[in-house]
Amino acid sequence: MYDEGSTGGHYGVTDSIFRDQLKPDPVVYSDGLVLAYGDQATAQLLRTIKAEQQEASQDYDRREWILPVAAIFHLRMNFLYMVQRSHMSAAAVDPPSSLFHNMNFWGRKQIPSTKAPFHHLEELVLHSFDARVLGLLYTRLNYGGAAIEEPTNIQMRLSTMSHSEFLNLVEDIRLAAFSRQSRRPVKDSSIDIEFLNHIRFLQLVEIYKTLKHGVKYADIGLIKRVIGICCFLFEGSRQCRYALEMLHLYRLIASSATTPELKLAILSNSLVNLRGKEDSWQEVDLFLEHLNLDLKRQLWARKNSTFDVDLLFETTALNGPYCAKIRTVIESQFGEYTNARHRLKSAADDIHMLAYELSYHSIRKSSSSRSSKFTAPDYLSDGIERFINEKRLQRFNERVIRTGPIAAAAPPATSGDDEDDGGVGGDADAGDEYEGVDLPDDHPLHEVMVGVLS
């Protein structure tokens, strides 16, 4: 048992895992590379102890063989918290463009205003996204004279459209809600703040849905694309530690610091598929959270004077999936079937009702100025401006680029605010030269940066 929130605790954790439990061939410490996935604090502390030990004489003590990697589920969780902070609003301020209004419209009272349970918050955010997109569709159908009170009327109207009419409708919604100009309108024009709040929510959650889809289908190209954008988003939301972590991750998967084989290994080993289906992938750290939950339940149900934590790990920790398969076979022989999958109630009616309400006023763009009780921030534009004005890339590269076998030691991690960049040492990849992150003129992120600012 070690304190994982301190550098001393991480020394103990790595010693326990590799020296006492796994005991790999010592050649791993000189010629191998071990991927260590964790949340932002874990990855940062691992880099800190590597920086402290880089002048050690023993291969193991230098810990150059450990490569810290930010885990994707913790990224998803912090992304949702960012959406909640930017669009939840306050209890006394509940315009229809806020998540607080949507939550109360549906009567979902179990969601706190900060750091809500992941599954409740994700459901609220995704359903609110769908309702807004549907609301944009309803406004356009209503302009055409369609009755939008009943979903059957909408279905009938869509079924009578030609292919070109439907594609034009989709393109109209895309330009209105997902273009760069809609997120950041010209300052001297009449700005509809209520409508702008909806647009910024849609564009922010679109990135989350892209990450979620990439994880579900193991599309590592989509995941890589989202990681690059997250560098700006977390910087814009002043989550500077996570912005720095995303830079470290993006450096590993998209720069010349690593070989193509290592890039593929980092992204592929971030995911696991227990059911072997095309759409059943999940993050490896989420799988670990589920495993820990199963162990806690076993300990709660069976703990007594003889069954403790040590016995739990000796007898239960590694045979859970095996026992589950045996149970399935035994139950099938007796004609029994246990469905362990969580069944969700359809949210179609809830989404339609909110979309119908939004379409009559809130999500209709006004030609004149319209105020709102809160204004959603534009994290992407703010983050790009901070990257440029505060030279975030240059400062990051100065920390991680090194041209020899030993780099200057980085300061230890501190518990200061998010503006502190301490606790970051040089990462050990293959070779003696270590590259940072660069944005050439033809790079997609460079296009995003230049396009938004222009």
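Predicted model: local features only at pLDDT ≥ 70, side-chain atom pairs only at ≥ 80, totals over all residues.
Colleague: What makes up the protein chain in terms of helices and strands?
Modeller: The protein chain has 21 helices and 4 strands. Of its 454 residues, 46% are buried.

Colleague: Why is the pair of Phe129 and Phe178 called tilted?
Modeller: A search of the whole structure gives 11 aromatic pairs, and this is one of them. The ring centres of Phe129 and Phe178 are 6.3 Å apart, and the cut-off for a pair is within 6.5 Å. Their planes stand at 50°; stacked needs under 30 degrees and edge-to-face over 60, so the pair is tilted.

Colleague: How do you know that this pair ties together separate parts of the sequence?
Modeller: Phe129 lies in helix α7, while Phe178 lies in the loop between α9 and α10, so the pair ties together parts that are 49 residues apart in sequence.

Colleague: Why is the pair of Phe232 and Phe387 called edge-to-face?
Modeller: The planes of Phe232 and Phe387 are at 75° and their centres 4.9 Å apart. The angle is over 60, so the pair is edge-to-face. Phe232 is in helix α12 and Phe387 in helix α19, so parts 155 residues apart in sequence are tied together. Phe232 is buried at 2% relative accessibility, and Phe387 is buried at 4%.

Colleague: What makes Arg132 count as sitting over a ring?
Modeller: The charged end of Arg132 sits over the ring of Phe201, 4.3 Å from its centre, and the distance limit is within 6 Å. Arg364 lies over the face of Tyr360, at 5.8 Å from the ring centre.

Colleague: How do you know that Glu245 and Arg47 form a salt bridge?
Modeller: Their closest N and O atoms are 2.7 Å apart, and the rule asks for a nitrogen within 4 Å of a carboxyl oxygen. By this rule the count comes to 17 salt bridges. Glu245 is in helix α13 and Arg47 in helix α3, 198 residues apart. Glu245 is buried at 2% relative accessibility, and Arg47 is buried with a relative accessible area of 2%.

Colleague: What makes Arg76 and Glu122 a salt bridge?
Modeller: The closest N and O atoms of Arg76 and Glu122 are 2.6 Å apart, again set against the limit of within 4 Å. Arg76 lies in helix α5 and Glu122 in helix α7, so the pair ties together parts that are 46 residues apart in sequence. Arg76 and Glu122 are buried. Salt bridges with shared partners join Arg76, Glu122, Lys212 and Glu283 into one network.

Colleague: Which residues have the most contacts inside the largest nonpolar core?
Modeller: They are Phe79, Leu233 and Met246, in a core of 83 residues. Helix α7 gives the most to this core, with 11 residues. Leu233 touches residues including Phe79, Met82 and Leu204. A second, separate core of 9 residues includes Tyr11, Tyr60, Trp65 and Ile66. Tyr60 and Trp65 are also linked by ring pairs into a cluster with Phe18 and Tyr29.

Definitions and conventions: Residues numbered from 1 in each chain as written. Heavy atoms only, no water. Phe/Tyr/Trp six-rings, centres within 6.5 Å; stacked < 30°, edge-to-face > 60°. Helix = DSSP H or I, 4+ residues; strand = E, 2+ residues; numbered from the N terminus. Buried < 20%, exposed > 50% of the residue type's maximum accessible area, 1.4 Å probe, protein only. Lys NZ or Arg CZ within 6 Å of the ring centre and 35° of its normal. Core = buried A, V, L, I, M, F, W, Y, C linked by side-chain atoms within 4.5 Å. Contact = heavy atoms within 4.5 Å. Salt bridge = Lys/Arg side-chain N within 4 Å of Asp/Glu carboxyl O. Lists of a residue's contacts leave out its neighbours within four places in sequence.
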